[in-house]
Amino acid sequence: MEVNKEEENVTNVVNTWGLESEAEEDFTRSWYPGLLTIFMIIGICTFFGNILTLLAYHRTPQLQTPTNFLICNLAVGDILVSIWGQPFIWVGYTQTGIEFNKGHKWMCLFTISGIRLTTLASLMAIFLLSVERSIAVFCPFRYYNVITDLAVRVAVAVAYFITLL
């Protein structure tokens, strides 16, 4: 009888501290479904909008300039974010996803790595585009000597290599 009272007291103390079993605890908030819907709409629109950008560049020879190549590089980075980064964010806003990530630390690390890599690839594309535009503005007479197809392709390859480090 004495043992049962002690167990009951410990259970009450644990419950008052909010340390209930994780299976019963709901980690989601009431606004998560709305946020999840917005994230899904943005991810899907991002994917298809950037696919259209790549198709326009590929099918129209007049658009195949170094600047537009960098814009397509940005589109590829954004597609990677929408394919690899967004789904992990979506899972993070569901009860099942939260419980799975809590029990599997490798999934949490994989999620962080995926989001980091894809976001960094997109940021590197923005950086390259900014450098190219700066050269066009500040060195207009040397632009065509500095910004060549080969130079842009090498810069993109180096940017992706840096991203993977």
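How exposed is Cys108? Cys108 is partly exposed, with a relative accessible area of 33%, where partly exposed lies between buried (under 20% relative accessible area) and exposed (over 50%), using a 1.4 Å probe and protein chains only.

Before going on, a word on the source: this is a predicted model, in which local features need pLDDT of at least 70 and side-chain atom pairs count only at pLDDT 80 or more, while totals for chains, interfaces and linings use all residues. Residues are numbered from 1 along each chain as its sequence is written, and side-chain values use heavy atoms, leaving out hydrogens and water.

| Residue | Relative accessibility | Class |
|---|---|---|
| Cys45 | 52% | exposed |
| Cys108 | 33% | partly exposed |

As for disulfides (pairs of cysteine sulfur atoms within 2.5 Å), the structure has zero.

On to the fold. The chain has seven helices and zero strands, taken as DSSP runs numbered from the N terminus (H or I, at least four residues, for helices; E, at least two, for strands). Helix 3 covers residues 66-91, 26 residues in total, and spans 37 Å from first to last C-alpha. That's close to the 38 Å expected at 1.5 Å a residue, a figure that is 1.5 Å times one less than the number of residues. Helix 3 also has a kink of about 35° at Gly85, shortly before Pro87; the bend is the angle between axes fitted to the seven residues ending there and the seven starting there.

Across the chain, 25% of the 165 residues count as buried. Contacts (heavy atoms within 4.5 Å) with a separation of 6 or more come 75% from residues 24 or more positions apart.
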